[in-house]
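Here's a quick briefing to read alongside the model. Keep the 3D view open and click along as you go.

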Amino acid sequence: MFVILTADDLYIARKLFQLEIYKRNGQSYEDFFSKIMRLHNIDFIQIKPQGQFGDRKNDGFIKSTGQYYQVYAPENLSHKEKDTIEKLVTDFNGLYAYWNATVTPILEFNFVLNDKYQGTYPSLHPELTKIEENHVGVKCKPFLSQHLEDIFLKLPHNNIEDVLGKIPTAEDINLNVSNLNEVIEYLISLKDGVSPETFPVNPDFEEKIVFNSLSSPAATFLRYGSYQDGALKDFFKVNSTFAKDDLKNTFSKLYKDAIQEIPDSDSKNDLIFFDIAKKAYPKQGKVYQDAVFVLMAYFFSYCDIFEEPPLKQQQTLFQ
């Protein structure tokens, strides 16, 4: 069945896609890129390295259009200007020497960079122009994260979920307590020696959403998750407070890790929200997603994830 994604679905898919971009390097990024390109165009052929010959400087191509793709995804591209230029020149020369005459002429060379949305060096572009000038008929261009994202977001719904897993929906959150233990056991296994702390007084839920600049889709997950608060509290009543403290520490650590790992941007807090959610799923499946969102809403309300708005000063008679 063909399903059209809503604007919120696409927003969530985009945030989950960006998280993949931020965490993938090297072969992991190349595999991610190749999977999306195969879903985008069935004529895209991924090249598997072959012993001492490697991939002959070609990570994938479309024979009918003469489009070639070579991937470079170091852990931190911002410190690799010299390496990037050298790889561009070396890889193109190797590609041209083998593929242009023996398979199909190179009409377009895409130098695929996982720039993590930071852009390219100015010095890369003159090198691309030099290649074009020295090889008439060949177009050369950088292929960045933004270009892969454009292709990804135009994929059919089932293909987007094939890449990311099921896109969660807030409106259907329903806590299945029978699955909660499994989620909690998984989450507690993630903890890393954080000392138990007392629970702070919970602030105004809506005020905290605004204070942390969370988008409408992320806020909707928290609100719908909080609707199941009663079932979660009933669960905690019949279980030890030790588990609840462990969960609190786990979510707090996931939040602090995400702050460190995700680059600054206007949507950083949304990326943190979905990063925590994704890491907290013990496995794919709606029941697990729902349990995680209910737990996140609970610990969001007690300020263990995201920042607490400053306390309002009580006005005096003379203010």
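**The chain at a glance**

Residues 24 or more positions apart make up 75% of the chain's contacts with a separation of 6 or more, where a contact means heavy atoms within 4.5 Å. Keep in mind that this is a predicted model: local features need pLDDT of at least 70, side-chain atom pairs count only at pLDDT 80 or more, and totals for chains, interfaces and linings use all residues. Residues are numbered from 1 along each chain as its sequence is written, and side-chain values use heavy atoms, with hydrogens and water left out.

**Overall build**

- You'll find 13 helices and 5 strands in the chain; these are DSSP runs numbered from the N terminus, with helices being H or I of at least four residues and strands E of at least two.
- The C-alpha trace spans about 80 × 55 × 40 Å along its principal axes.
- Of the 319 residues in the chain, 48% are buried (under 20% relative accessible area, using a 1.4 Å probe and protein chains only).

**Aromatic rings**

- There are 30 aromatic pairs in the structure, and a pair means rings of Phe, Tyr or Trp (its six-membered ring) with centres within 6.5 Å.
- Take Phe235 and Phe236: their ring centres are 6.1 Å apart and their planes sit at 65°, so this pair is edge-to-face (planes over 60 degrees apart).
- Both Phe235 and Phe236 are buried.
- Those two also belong to one aromatic cluster with Phe251, Tyr298, Phe299 and Tyr302.
- Over at Phe300, the charged end of Lys208 sits over the ring, 4.3 Å from its centre (the rule asks for NZ of Lys or CZ of Arg within 6 Å of the ring centre and within 35 degrees of the ring normal).

**Cavities**

- A cavity is a set of points on a 1 Å grid over the protein atoms alone where a 1.4 Å probe fits but cannot get out, and lining residues have an atom within 4 Å of a point.
- By this rule there are 2 cavities of 30 Å³ or more.
- The largest cavity has a volume of about 70 Å³, a volume being the space filled by probe spheres set on the points, which are joined across faces, edges and corners.
- Its lining includes Leu16, Phe274 and Tyr281.
- The second largest cavity holds about 40 Å³ of space, and Lys166, Phe221 and Phe293 are among its lining residues.
- Helix α13 (residues 286-301) gives the most to the lining of that second largest cavity, with 4 residues.

Conventions
Buried < 20%, exposed > 50% of the residue type's maximum accessible area, 1.4 Å probe, protein only. 1 Å grid on protein atoms, 1.4 Å probe; cavity = no way out; pocket = protein on both sides within 12 Å on 5 of 7 lines; lining within 4 Å.
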